[in-house]
Each structure stands twice: as structure tokens, then as C-alpha cells.
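Dear colleague,

I am handing over the structure below, and my notes on it follow. Please read them alongside the coordinates.

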Amino acid sequence: SPLDVVKTRVQAAEFGSEVSGMGVVRRIVKEEGMGAFFKGMVPKMAVVAPKLIFSFTIAQTMIGYFQRLGQEMEGKAVA
């Protein structure tokens, strides 16, 4: 994310240098352009997206399962 880029650049600065977050932002925009804030996003998304898809699919499947289970339990409790 853009904040990670700024944080990394501030942390990578030489010890004792007077580097500020806004100074880093200005330098990146001036020297590298706005695209520099999104370096590394494609590999990160390639890792995160499948995890999110898997989690969402499992959650949606389990919601249906527990709803059916709850309906069956209600039916047995009444009988």
C-alpha cells in the first residue's frame, strides 16, 4: 500500500537523517511519479486474493450449512 512504501523509505533512511513522511511523499511524487506508491501491489494481490476467495467461499458454504442444521434442530425440538 502507499503507506507501506512511505514507511519503508523512512525506515531505510540513514540513521540521524531528518527524513519526514511528507518529505518522502513529495520526493516520490516528484522523482518517480504516483505509480511508485503502488510498487509491489501485484505480487501482494496475487497472494492475498486467493486467500480471500477461499475464505469467502468457505464462509458462504458454512452459513448455508448452519442454517439448514438450525432448521433441522428446530424441527426435532418441536416434535
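In what order do the elements of the chain run from the N terminus on? They run α-α-α, and the secondary structure comes to three helices and zero strands, where helices (H or I, at least four residues) and strands (E, at least two) are DSSP runs numbered from the N terminus. The radius of gyration, taken over C-alpha atoms, is 24 Å, well over the 12 Å that the globule rule (2.2 Å times the number of residues to the power 0.38) gives for 79 residues, so the chain is more spread out than a compact globule. Along the principal axes, the C-alpha atoms fill a box of roughly 75 × 25 × 15 Å.

This is a predicted model, in which local features need pLDDT of at least 70 and side-chain atom pairs count only at pLDDT 80 or more, while totals for chains, interfaces and linings use all residues. Residues are numbered from 1 along each chain as its sequence is written, and side-chain values use heavy atoms, with hydrogens and water left out.

Of the 79 residues, 9% count as buried, that is, under 20% relative accessible area, with exposed meaning over 50% and partly exposed in between (1.4 Å probe, protein chains only). Ile-58, which lies in helix 3 (residues 41-78), counts as partly exposed because its relative accessibility is 39%.

The accessible surface of the chain (Shrake-Rupley method, 1.4 Å probe) comes to about 6,600 Å², of which 67% belongs to carbon and sulfur atoms.

Best regards
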